[in-house]
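Have the structure open as you read.

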Amino acid sequence: MTDNLSKSIKSTDHELSWANRGLKGNNANDVKELCIAIEKCKPLKALRLEGNTINEEAATAIGKALAKHNEVERLIWNDLFTTRLKTEVPPSLIKLTQGLLTNGSRIVEINLSDNAFGPIGVKGLETFLSSSACYTLEELRLNNCGMGSMGGKLLAEALIACHKNSIAAGGKRFALKQFIAGRNRLEIEGSQALAKAFEIIGTLEVIRMPQNGIRPPGIEALTTAFLHNRNLRIIDLNDNTITTAAPKLASVIEKLPKLEIINLESSLIRTRGAIAVARSIVSHKNLQELYLGCNDMHIDGGLEVARSVKNMSSLKVLDLNGNCFGLDGIDEIRQVLENKQFLDQMAFSDDEGSDEEEEDNDDDYDNDQEDEEEEEAEDDEEYQEAEEEHLEEDEKETPSFVVNTNPMKQTNGFHFANSSSTKPSEAVSGLSNMMSKFDFNVNSTFNFGSSSTTEIKDGKWTTFNSIDKLEEHLKNDDQSIERAIKLLEDVWNDNSVSQKQSSSIAENTLKALHFSSSNERNFNERLLVSLGFIKDEQTGRLRRPINQHNKIYQTLIDIHQVLPKSTKNLLSIFLQNASREQHQSVTEMKQKLLTTIKG
């Protein structure tokens with residue numbers, strides 16, 4: 001799936017778009033032209049402000065202009081607070097929507113995606129969400145907002161209040177149809193609270209909550225809510241941890257015949273869960289897309305899925321890539337699906353091969369799950385202190401950053417290891433559970449310690465001693481960060497590259513990158529994964545081995561002046577919390593790096 005969860009389609013002919021103008025609204029005068037355009041636009045059905053940044057004063061002026069339009073229906077305000085402190089967002093949201101509370105507006109869509117305002121941002125939205133202006137709300141997009149479990153709870157309360165208030169008003173009952181909130185660190189408590197809201201609302205057709213660190217208790221709460229929304233067409237729980245909740249989820253899927261898209265990629269449903277899901281969809285007549293890739297699924301599960309869909313005329317897309325079928329297993333699946341038109345589009349390039357241990361009995365499965373949960377609990381405890389330090393620093397000075405606005409887009413032109421997507425670009429399986437604590441997302445896989453994958457003819461690294469050449473290589477597009485980290489890893493992996501050359505290339509790479517608030521967070525995320533500070537469950541839930549500690553640490557010391565401040569803050573946190581190295585020289589170098597970046 002390549003649709004962008006943060007984006008709103010052009011909704012009406014009566015739309016005023018001020019999108020992507022790079023407007024910096026620091027006062028009323030900065031947004032005067034926009035306000036005049038709002039007042040003149042009649043009728044105004046949709047206001048698109050994405051790709052700009054405003055503060056409270058500018059928001060006040062815009063809100064006053066917008067208050068004159070009770071016909072407005074769609075508020076497309078994703079990516080509107082870049083560079084703003086999180087504390088600036090709530091009053092800005094209140095000012096933007098204040099006039100709509102009383103002018104008789106009937107809002108249909110709200111899109112505030114890619115505004116990393118955290119739980120505090122939801123506080124600025126809750127009054128509006130529970131007001132009469134939102135009784136008609138059908139589509140709510142809050143993708144990549146860093147709400148956290150607390151924000152999820154606040155949001156759920158607002159939605160429940162809206163439903164209750166609409167009933168009390170005696171008019172149109174609140175009937176939300178689409179809820180989109182990927183990459184929000186909702187985890188168990190946030191998802192459970194929202195599940196309760198969904199259960200009460202009962203009119204949802206689309207629920208997309210990928211990459212939220214949701215574990216089985218949260219998944220089970222959501223499945224119960226799904227049953228109360230019989231018109232569901234799309235369920236997207238990609239890159240959460242389903243595991244033992246798979247049977248219950250499958251039993252609910254069976255009772256939702258209107259489903260068109262099911263996305264359970266990178267969710268560890270494993271063979272047993274895949275079999276349950278396969279059996280649940282046998283009678284479905286409307287299913288068009290089924291995503292079960294990267295799920296630690298073995299051939300029994302793959303064949304069960306294939307047999308379930310082989311006569312399903314509605315199905316147009318089936319993704320089973322990144323599982324554990326082996327070459328013989330892949331051939332068997334292809335034979336079962338030989339008459340399906342989508343077979344030629346199916347990829348198995350990231351299959352991890354068959355395994356002799358294929359979850360043969362319940363004890364093995366249960367024991368594996370217990371080990372997994374214990375390890376995840378240990379990791380949560382290990383990073384709690386780092387999280388608290390990060391949040392304290394964040395409250396002081398961190399702007400409201402935006403992370404890659406295309407969460408579902410497959411990575412093109414940037415690959416680690418030997419494939420384009422060892423796991424789908426939207427996730428490294430389960431990694432978001434850990435990364436989400438730092439408002440990170442995972443968009444590509446890493447293979448630190450392997451052979452170089454950058455195409456360097458004749459080993460001539462000297463090409464990258466030129467900033468111009470580096471800028472040409474990085475291309476200044478949405479894949480620049482991936483190319484930069486890939487280049488650094490290859491430099492560090494190549495023993496022929498001297499320390500001086502490594503530092504030179506790294507420094508020029510940082511200078512060639514055009515950092516923005518959105519890709520700076522992206523850079524931090526990928527650097528921490530490549531350095532082994534963040535768990536990569538794709539490698540067996542172990543820390544990624546690093547073989548070039550001294551070279552890497554010295555490089556970071558040499559280039560510390562060009563590292564973004566947020567990068568140094570995070571490195572400082574993780575270096576202090578990292579386990580002790582076996583070699584004294586490495587420990588000393590790590591301490592030297594810590595002292596340098598803190599100094």
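At what angle do the axes of helix α2 and helix α3 cross?

## Before we start

This is a predicted model, where local features need pLDDT of at least 70, side-chain atom pairs count only at pLDDT 80 or more, and totals for chains, interfaces and linings use all residues. Residues are numbered from 1 along each chain as its sequence is written, and side-chain values use heavy atoms, leaving out hydrogens and water.

## Two helices side by side

Back to that angle: α2 (residues 56-66) and α3 (residues 89-97) cross at roughly 15°, and their axes come within 7 Å. That makes α2 roughly parallel to α3 (angles under 35 degrees count as roughly parallel). The axes here are lines fitted to C-alpha atoms over the stretch in contact, with angles running from 0 to 180 degrees between N-to-C directions. Helices are DSSP runs (H or I) of at least four residues, and strands (E) of at least two, numbered from the N terminus.

Who meets whom? From α2 come Glu-56, Ala-59, Thr-60, Ile-62, Gly-63 and Leu-66, and they meet Pro-91, Ser-92, Lys-95 and Leu-96 of α3 (contact means heavy atoms within 4.5 Å). Sorted by type, the residues of this contact are five nonpolar, three polar and two charged.

## A serine tucked into a loop

Now hop over to Ser-267, in the loop between β11 (261-263) and α10 (270-280). Is Ser-267 buried or exposed? Ser-267 is buried, with a relative accessible area of 0% (buried means under 20% relative accessible area, using a 1.4 Å probe and protein chains only). Leaving aside residues up to four places away in sequence, Ser-267 touches several others, including Leu-237, Asp-239, Thr-241, Cys-294 and Asn-295.

## Aromatic pairs

How many aromatic pairs does a search of the whole structure find? The search finds two (rings of Phe, Tyr and Trp, with its six-membered ring, pair if their centres lie within 6.5 Å, and planes over 60 degrees apart count as edge-to-face). In one, Phe-179 and Phe-198 have ring centres 5.0 Å apart and planes at 65°, so the pair is edge-to-face. Phe-179 sits in strand β8 (residues 178-180) and Phe-198 in helix α7 (residues 187-201), so the pair ties together parts 19 residues apart in sequence. Phe-179 and Phe-198 are both buried.

Phe-325 and Phe-348 also form an edge-to-face pair, at 6.4 Å centre to centre with 65° between the planes. This pair links distant parts of the chain, 23 residues apart. Phe-325 counts as buried at 2% relative accessibility, and Phe-348 does too, at 9%.

Key. Parallel < 35°, antiparallel > 145°, perpendicular 65-115°, else oblique. Nonpolar A, V, L, I, M, F, W, Y, C, P; charged D, E, K, R; others polar. Buried < 20%, exposed > 50% of the residue type's maximum accessible area, 1.4 Å probe, protein only. Phe/Tyr/Trp six-rings, centres within 6.5 Å; stacked < 30°, edge-to-face > 60°.
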